[in-house]
Amino acid sequence: MEDHALDAVAARRGRPSIAEAEALSGRILDASWDILLSGGFENFTFDRVARHAHIGKATIYSRFPGKADLMRALLLRRIEQRTAQIRQEGSDLPTATAFLLRATNTMKMLFSPDGVLTERLIDWLDQESGEGLTMRAEAYRNAIESIAQALVRGPDAADHRVPDVELAARLWLEGLLGHARLAYTEGASSPAEIERWATNYTRFFFAGLRAMQPGA
């Protein structure tokens with residue numbers, strides 16, 4: 001049955017439509033993110049989320065049985081949103097120019113309150129699961145896949161073909177994250193410093209890709 005037909009059935013029965021249910025889950029996740037940003041993990045409770053979202057606490061539990069379930073859904077939503085945003089950034093630009101734009105914006109995001117909270121959320125979920133770096137590994141896999149697709153689907157992809165696209169994507173990601181950790185400890189995270197580093201890093205990376213092409 002099509003989604004709009006299901007919506008009509010739900011409406012006749014007095015239950016929320018699919019669109020309404022998705023919107024309500026979005027409200028819960030948005031409220032949860034606001035609570036985490038303002039009060040941190042220590043002050044996070046379903047009561048506070050319910051008040052912030054103007055809904056009953058039972059409504060939250062009906063969708064997210066526990067804190068870990070809600071946090072996982074929250075992280076996956078943030079990753080999906082960020083991945084979609086990155087794919088849109090510079091999608092009509094030459095590949096190297098698009099990667100420069102994405103590197104700059106990614107670095108700024110990592111140093112932003114949202115970026116810092118995302119990192120803390122990943123660490124919290126991995127600690128709660130007790131199964132190793134599950135969420136971080138998943139986030140890395142998603143990022144590598146997105147980077148690899150950008151390398152092969154750019155308007156000038158033929159100019160920088162490489163034998164191992166996944167390896168190139170991994171090197172790009174590891175360079176970004178490695179610099180982010182170093183810059184954070186050194187306090188070198190001003191917009192001007194980020195843009196200067198991103199420019200040099202992108203030039204270096206694509207020079208390496210050109211050198212790896214057969215016959216180079």
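Buried means under 20% relative accessible area, exposed means over 50%, and partly exposed is in between, using a 1.4 Å probe and protein chains only. Keep that in mind for what follows.

This is a predicted model, where local features need pLDDT of at least 70, side-chain atom pairs count only at pLDDT 80 or more, and totals for chains, interfaces and linings use all residues. Residues are numbered from 1 along each chain as its sequence is written, and side-chain values use heavy atoms, with hydrogens and water left out.

First, confidence. pLDDT is the predictor's confidence in each residue, from 0 to 100. The chain averages 85, and 90% of the residues score at least 70. Over residues 1–13 the pLDDT is below 50. Where pLDDT is low, the predicted coordinates should not be read in detail.

Now helix α10, residues 191–212. Helices here are DSSP runs of H or I, at least four residues, numbered from the N terminus. Which residues of α10 are buried? They are I194, W197, A198, Y201, T202, F205, F206 and L209. Seen down the axis of α10, these fall within an arc of 150 degrees, so they line one face of the helix. The arc is taken from the directions from the helix axis to the C-beta atoms. On the face turned away sit the exposed residues R203, F204 and A211. The buried residues pack against α6, α8 and α9.

Last, T95, in helix α6. T95 has 3% relative accessibility and so counts as buried. Contact means heavy atoms within 4.5 Å. Leaving aside neighbours within four places in sequence, the contacts of T95 include A150, P155 and F206. The C-alpha atoms of T95 and P155 are separated by 6.8 Å, with the two residues 60 apart along the chain.

How values were computed: Helices (H or I, at least four residues) and strands (E, at least two) are DSSP runs, numbered from the N terminus. The expected span of a helix is 1.5 Å times one less than its number of residues.
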